[in-house]
Amino acid sequence: MAAAKALRRILDTLYFIGGVIASLFLIAILSIIVLQMLARWTGQVFPGATSYAGYCMAAASFFAFAYALNHGAHIRVSLFLTALGRLRWWGELWCFGLGAAISTWFAWYAIRGNQISHRWNELSQGLDATPIWIPQLSMSIGTVLLAIAFWDHLVRLIVTGSHGISTDLVDQSQGE
């Protein structure tokens, strides 16, 4: 039981760290936009600013996936699952199983694409000429986190009968 609680704490911390990193990338987007505006006002050029903002947007999205799933912020099929009545558990099992399989497949190919980009020394097509494997790392890490989160909730559902997704956001919106 202590090992399960320690694992739960580690996984929740991992998802939280992903959320924090995502928020830092959002701050980076703001900073890049402000720097680009300042550069334009002073007659300077900020080469690759648009590309860097795009990389940060992708990183913010991918790092936030697991955190959002863990907090019930993803679009869910709650109406469908509620309509299943006593068969809801089977519907959740199917949804988490499918989500775990797809996210694992996506993580595998994200990592593989990252390795290929590194091996071929691919560069971005913008003015910045960034090695493309660097911004792709956020996609690889984020999809691995999402796959871990899906498998975590799937195993939890099978073992305990509950997936453990926090529904605080859902409960608040229904209470208003």
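These notes cover a loop residue, a helix and some aromatic pairs in a predicted model.

1. Basis. The model is predicted: local features need pLDDT of at least 70, side-chain atom pairs count only at pLDDT 80 or more, and totals for chains, interfaces and linings use all residues. Residues are numbered from 1 along each chain as its sequence is written, and side-chain values use heavy atoms, with hydrogens and water left out.

2. T130. This residue sits in the loop between helix 4 (88-120) and helix 5 (133-160). Helices here are DSSP runs (H or I, at least four residues), numbered from the N terminus. T130 is buried, at 12% relative accessible area. The classes are buried under 20%, exposed over 50% and partly exposed in between (1.4 Å probe, protein chains only). Beyond neighbours within four places in sequence, T130 is in contact (heavy atoms within 4.5 Å) with Y52, Y55, E122, L123, S124 and P135.

3. Helix 5. It has 28 residues and reaches 39 Å from first C-alpha to last. That is close to the 40 Å expected, taken as 1.5 Å times one less than the number of residues. G161 follows, with a positive phi near 90 degrees.

4. Aromatic pairs. Rings of Phe, Tyr and Trp (its six-membered ring) pair if their centres lie within 6.5 Å; planes under 30 degrees apart are stacked, over 60 edge-to-face, the rest tilted. The count is 9. W89 and W90 are edge-to-face, because their centres are 4.8 Å apart and their planes at 90 degrees. W89 is partly exposed at 28%; W90 is exposed at 54%.

5. Cluster. Ring pairs link F46, Y52 and Y55. Y52 and Y55 are also among the contacts of T130.

Note on methods. Helix = DSSP H or I, 4+ residues; strand = E, 2+ residues; numbered from the N terminus.
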